[in-house]
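Here are a few notes to read alongside the model. I hope they are handy for your own look at the side chains.

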Amino acid sequence: TALREAGRSMPGDVRVVVVRGEGRAFSAGLDRAAFAPGGIPGAAGLAELATLPAERADEVIRGFQEAFGWLRRPDLVSVAAVQGHAIGAGFQLALACDLRVLAADAQLAMAETGLGLVPDLGGTAPLVETVGYSRALEICVTGRRVGAEEALRLGLATVVVPPAELAAAAADLVAALLAAPRDAVVETKALLLGAAGRSRADQEAAERAAQLRRLADLAAALDPRRS
């Protein structure tokens with residue numbers, strides 16, 4: 001709920017969002033107490049969720065997904081700074097971000113299948129897009145830990161650094177992301193996000209349209225009549 005509200009209330013001038021955990025872990029994921037009715041104060045247990053009418057249960061899970069999905073918005077770039085464990089929902093939260101800076105002690109795991117569940121927070125698509133179907137299936141079904149160096153080889157990590165350097169590495173990446181003009185970054189991210197769903201011809205057309213918008217904006221900025 002807090003993540004969803006953070007996305008909804010994010011000021012429009014924010015360019016980069018960094019998601020990080022406090023303490024030794026990025027996120028331990030699902031609290032097993034959620035399986036018991038009333039196990040988490042103020043929250044419906046998973047068993048209670050299963051008793052809701054289908055439309056209402058779908059709405060609840062959609063709200064959970066919204067809490068992660070806004071991190072892929074074209075108007076900002078999201079960075080996960082991951083230390084220690086990122087398990088289940090924690091792994092999906094890292095996958096929701098555009099880029100991932102991992103501490104060398106990071107351990108990623110998709111634990112849902114082993115609990116009789118499925119990853120349902122938008123993590124399946126970026127996982128397959130990053131590592132391919134076969135590797136994604138193996139990671140999800142076995143629930144095994146993926147260490148930082150393997151994550152780097154698989155493309156799940158943008159960079160791996162010693163734990164003590166995680167904050168500095170994330171800050172350096174943010175500075176690099178902010179160096180380019182915002183509108184160019186937004187257009188580029190939108191092109192990349194849509195590339196997989198377009199034909200080559202449609203993608204090239206999208207590139208042309210985006211470039212013409214950028215050229216028009218740059219020309220207008222140089223026009224002395226607008227000063």
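1. Arginine 56 is partly exposed, at a relative accessible area of 41%; buried means under 20%, exposed over 50% and partly exposed in between, using a 1.4 Å probe and protein chains only. This is a predicted model, where local features need pLDDT of at least 70, side-chain atom pairs count only at pLDDT 80 or more, and totals for chains, interfaces and linings use all residues. Residues are numbered from 1 along each chain as its sequence is written, and side-chain values use heavy atoms, leaving out hydrogens and water.

2. Arginine 56 pairs with glutamate 59 in a salt bridge, with closest N and O atoms 3.4 Å apart. A salt bridge here is a side-chain nitrogen of Lys or Arg within 4 Å of a carboxyl oxygen of Asp or Glu. The two residues are three apart in helix α3 (residues 54-69), so about one helical turn separates them. Glutamate 59 is partly exposed too, at 47%.

3. Now to arginine 100, in strand β4 (residues 99-103); helices (H or I, at least four residues) and strands (E, at least two) are DSSP runs numbered from the N terminus. Arginine 100 is buried yet has no salt bridge, and the nearest side chain of opposite charge, aspartate 98, is 7.4 Å away. Its side chain does reach the backbone oxygen of alanine 94 at 3.1 Å and that of leucine 156 at 2.6 Å.

4. In helix α6 (residues 133-142), Ala136, Ile139 and Cys140 are buried. They cover an arc of only 95° around the axis (taken from the directions from the helix axis to the C-beta atoms), which puts them on the same side of α6.

Conventions
Lys, Arg positive; Asp, Glu negative; His and termini not counted. Polar contact = N/O pair within 3.5 Å; in protein donor to acceptor, adjacent residues only side chain to side chain.
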